[in-house]
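Please keep the sequence and the model in view while reading.

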Amino acid sequence: MTTADTSATAPFDPSLPESKGWPLGRWLAPFAVAIALLSAILTFVVLTGLTRIEPTAQVVNSFYLIDAATILLLLGFILREVWKVVQARRRGRAAARLHVQVVGLFSVIAAVPAVVVAVVANVMIDRGLDQLFTGPTRELVQNAVSIAKAYTFEHAAAIRGDILAVADDIQQTPAPLFDQDRGTFQQLFLRSASARNLPFAMLIDKNGNKLVETEFQQRFATPPPDILNNPDLVNDTEPYLVVLPDENYVAAVIRLRAFSDTFLYVARPLDPFVVGQLKQTELKAQGYAEMEAQRYGIQIAFALMFAVIALTILMASVLIGLNFADRLVAPIRRLMNAASTVSTGDLHVQVPVHRSEGDLAQLGETFNKMTQELRTQRDELVNASELIDSRRRFIEAVLSSASAGIIGVDGSGSVGILNRSAEKLIGHAESETLDHPLSDVLPELDELMKNAREGKQRLVQGQVTIQRDGQERNLSVRVTAEQNNPSRDSYIITLDDITELVSAQRTSAWGDVARRIAHEIKNPLTPIQLSAERIRRKFGRVITDDKAVFEQCTDTIIRQVDDIRRMVDEFSRFARMPKPVMEGEDVADTVRQAVFLMKVAHSEIDIEAELKQDPLRAQFDRRLISQALTNIIKNATEAIEAVPAEELGRGRIDVIAARENNDIIIDVIDNGIGLPKVARARLLEPYVTTREKGTGLGLAIVGRVLEDHGGRIELKDASDFRPGQRGAWMRLRFAVSGHADKVEAGAEPAGDKPPASEKMQPAAETGKVAEATHSETNIEAAGN
Amino acid sequence: MANDILIVDDEADIRELVAGILDDEGFTTRTAGDSDSASAEIASRKPDLVFLDIWLQGSKLDGLQLLEEIKRDHAGLPVVMISGHGNIETAVAAIKSGAFDFMEKPFKSERLILVTTRALAQGQQSAAA
């Protein structure tokens with residue numbers, strides 16, 4: 001995981017490529033540092049004379065030049081690094097400030113000791129040289145030199161006295177002795193010399209030729225003639241002294257007055273040890289003096305050396321500091337970059353972990369773990385929220401598809417949620433009810449809500465009736481308290497539209513009542529009828545007076561009983577209409593038969609069937625449709641009969657059957673009295689009739705039959721069909737499949753234009769009671 | 001000629017009227033107001049035809065039960081059921097139980113006489129057989 005993430009996160013860590021790029025540059029700086037240090041050390045070594053190379057001014061200068069060059073090189077590197085840091089800082093790169101701080105601290109820590117040591121060393125050297133060239137040391141050297149000189153002068157003074165004494169001795173001897181008795185003279189000369197403790201003495205002429213000499217192991221050089229012949233140097237009163245420390249002797253020469261051009265030359269060897277010491281002392285003193293002359297040069301050289309080394313170390317340490325800062329800052333920078341990436345919400349960040357970075361590596365590891373953990377938790381959260389979301393969508397889908405209306409009400413009584421069914425029931429869209437108080441949206445629920453709030457039970461039920469858009473709806477209401485949060489109760493209100501149920505219950509109850517009434521009415525009808533018939537049968541033969549009256553009375557009783565029975569039958573049939581039994585049948589044939597029957601019954605009217613398709617197959621209850629059609633045609637005949645004879649002409653009824661899309665359409669057009677212009681829609685309602693003796697059930701039954709077949713009855717005027725024609729146009733429409741597959745309430749379309757000629761409506765207007773009654777009887781026969 | 005007819009109906013008016021009409025036509029009639037008295041009448045003398053109301057109010061047995069009892073004891077005795085109002089199920093049940101026919105109230109005298117004549121003829125046939 002970590003490796004994968006490292007590669008994945010590489011683009012997020014801009015510091016990575018930089019640290020790996022330009023390897024030459026990385027190695028150049030340490031190399032330069034090494035060169036600089038090496039040259040500084042070499043300079044030091046050479047300058048301190050630890051090598052065979054003579055630290056001459058030329059050598060030292062060239063070393064200094066090399067040092068300067070390396071320092072300049074380092075300086076170049078440093079400037080480059082500093083420039084980079086400054087640039088980074090200017091760009092606001094992460095950890096640039098830390099970088100600068102680390103480098104600065106490093107430089108200070110490295111430079112301060114170097115400078116301090118350099119200063120201290122310089123002071124020390126100065127103090128040391130001061131001590132060397134002043135005070136006792138200088139005196140000591142001078143004394144040593146003085147002593148050596150004094151020793152020589154002493155020997156010289158001694159030899160002066162000796163030579164003067166020997167010269168005296170020789171000059172006091174008679175001159176001829178030298179010339180005549182050279183042997184005696186020589187003895188005398190030797191005695192005089194040895195008496196003076198002169199190991200060597202000789203007489204020489206002006207050309208340096210030996211005349212007389214003592215015997216001595218050591219050879220002494222004779223003075224050159226140019227010295228002897230120089231009267232400024234050699235005269236007869238004062239000897240000319242020569243100290244020859246290299247030859248380890250002092251010599252003196254003097255001209256002898258008693259002899260012509262004869263010189264006495266004596267020499268005495270010095271103590272070789274003393275002479276050696278004397279020579280060394282002189283040499284040292286000379287060196288000392290030279291050193292003193294060079295003192296400031298040395299001091300400057302050392303100061304320069306210190307400066308070079310200090311500078312080199314400073315530069316090196318700055319470079320090392322930069323390098324170190326790079327290494328130290330790099331992981332921090334990675335962390336900062338990663339952290340800033342995380343702060344933008346991207347948790348897919350892992351920093352590379354290098355073991356060599358120690359604590360920072362551990363920090364990086366912890367950071368990686370942290371982001372990983374965060375990511376895991378966030379993913380879990382996201383998953384959880386997705387899960388919740390999908391559940392919410394599911395619940396919303398359930399809510400919106402639920403047939404029951406559901407309203408969520410919060411503790412303050414405002415609507416929080418409202419599903420589609422509820423929207424329909426209360427007649428408001430969800431958007432216009434949300435956050436509105438429930439008592440505004442559905443004031444009918446106030447009572448129940450009050451109970452729910454005050455009551456202890458979780459569930460409150462009840463029924464309310466609401467008025468929306470002129471329609472009355474019966475709702476079964478359940479209020480469930482959600483007591484998750486005791487301080488803020490919320491409620492779920494479930495609304496079930498039980499309008500249909502209530503209506504069905506009503507119909508059912510009404511059907512029972514109707515049946516019961518029918519039974520109770522019919523029961524007494526039997527004895528009435530039987531009585532009337534018995535009277536007629538038994539006494540009809542007997543009665544002779546006013547027999548017509550007798551017959552009329554009994555007939556009226558019997559006929560009226562029959563009417564009552566028929567009305568009760570119709571009444572109860574409507575109350576419990578049989579369920580249609582759908583079967584595949586031929587509409588054309590059904591129409592043909594119905595028309596044929598009515599034709600037979602009403603030969604005075606032209607009744608024509610026009611079948612657009614034959615056969616015309618559909619799913620329907622033949623008996624019911626046939627009955628409905630018969631009813632309509634019968635109504636048409638009555639409408640025609642209601643027209644005054646002088647206006648009528650020939651009565652005509654057209655019956656047209658056709659298929660229109662998925663509907664079967666049967667049109668019945670008559671040229672009768674027509675439909676009333678107002679309140680036609682009401683004609684479809686039960687017990688509405690315009691006829692005195694009509695039950696008002698005929699059209700209602702037809703409408704209901706068609707509704708059961710997924711259709712309806714449409715009431716129009718014949719003039720819509722054939723311009724100028726008087727009369728009504730009834731359209732029976734039902735679905736081919738026998739049931740409604742589209743929502744089409746049967747009553748609605750009927751309401752458009754004034755409806756229909758109910759069976760008897762014209763009859764009522766004309767008041768032809770007996771005829772109407774009669775035709776009704778026929779209809780029933782046909783229907784049955 | 002067999003003309004002994006028993007009329008069983010809880011309603012006195014109907015009972016008496018049916019009996020009167022049939023009397024007028026020359027039949028011999030007896031009447032019973034409940035199942036017990038009807039059973040007693042049948043037991044005392046087996047009639048040739050029984051008119052039986054389906055709904056015998058305040059009786060031990062209703063019409064259909066009484067019909068089953070009669071059919072059990074006198075399989076050949078024709079029984080015509082009288083029903084209060086159109087009820088196909090009841091009629092079917094009655095025919096299945098062995099009733100000869102049924103008449104729906106209100107019925108006309110002609111139908112009553114017609115059914116009586118046919119039922120008696122059938123009863124005679126079955127008796128002869």
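A:Thr134 is exposed, having 11 other C-beta atoms within 10 Å. The structure is a predicted model, in which local features need pLDDT of at least 70 and side-chain atom pairs count only at pLDDT 80 or more, while totals for chains, interfaces and linings use all residues. Residues are numbered from 1 along each chain as its sequence is written, and chains are lettered from A and ligands numbered from 1 in the order in which they are written.

A:Thr134 belongs to the loop between helix 5 (96-133) and helix 6 of chain A. Helices (H or I, at least four residues) and strands (E, at least two) are DSSP runs, numbered from the N terminus. In sequence A:Thr134 and A:Glu292 are 158 residues apart, yet their C-alpha atoms are 9.8 Å apart in space.

Two aspartates of chain A are also exposed: A:Asp435, with 9 other C-beta atoms within 10 Å, and A:Asp546, with 10. Each has a positive phi in a residue other than glycine.

Another backbone feature occurs at A:Pro615, which is joined to A:Asp614 by a cis peptide bond with omega about 0°. A:Pro615 sits in the loop between strand 12 (606-611) and strand 13 (617-620) of chain A.

## An antiparallel sheet in chain A

In chain A, five strands form an open sheet in the order 2-1-5-4-3, with antiparallel pairing. Strand 2 (210-213) and strand 3 (240-244) of chain A each have a single partner strand, so one side of each of these edge strands is left without a neighbour in the sheet. On average, neighbouring strands of this sheet are turned by 20° against each other, direction ignored. Such angles are taken between axes, which are lines fitted to C-alpha atoms (for helices over the stretch in contact), and run from 0 to 180 degrees between N-to-C directions.

Strand 1 (residues 200-205) and strand 5 (residues 262-269) of chain A run antiparallel and are joined by six bridges. Two strands count as paired if DSSP finds at least two bridges between them. A:Met202 has A:Tyr265 in strand 5 of chain A as its bridge partner. Helix 6 (residues 136-172) of chain A lies across strand 1, strand 3, strand 4 (249-255) and strand 5 of chain A, and runs at about 140° to strand 5 of chain A.

## The fold of chain B

Chain B contains five helices and five strands, which follow one another from the N terminus as β-α-β-α-β-α-β-α-β-α. Of its 129 residues, 40% are buried.

Strand 4 (residues 79-83) of chain B is mostly covered, as four of its five residues are buried. Strand 4 of chain B runs parallel to strand 3 (residues 49-53) of chain B, with four bridges between them, and B:Asp53 stands opposite B:Ile82. The chain passes from strand 3 of chain B through helix 3 (residues 63-73) of chain B to strand 4 of chain B in a right-handed β-α-β crossover. Right-handed means that, with the strands pointing away from the viewer, the path from the first strand over the helix to the second runs clockwise. Four bridges also join strand 4 of chain B to strand 5 (residues 101-104) of chain B in parallel, where B:Val80 stands opposite B:Asp101.

## Where the chains meet

Between the chains, 16 residues of chain A are in contact with 13 residues of chain B; contact requires C-beta atoms, placed from the backbone, within 7 Å. Helix 15 (499-540) and helix 16 (547-575) of chain A each supply at least two residues of the side of chain A that touches chain B, and helix 15 of chain A gives the most, with 14 residues.

Definitions and conventions: A residue is buried if 20 or more other C-beta atoms lie within 10 Å of its own, exposed if 12 or fewer, and partly exposed in between; C-beta atoms are placed from the backbone. Two residues are in contact if their C-beta atoms, placed from the backbone, lie within 7 Å.
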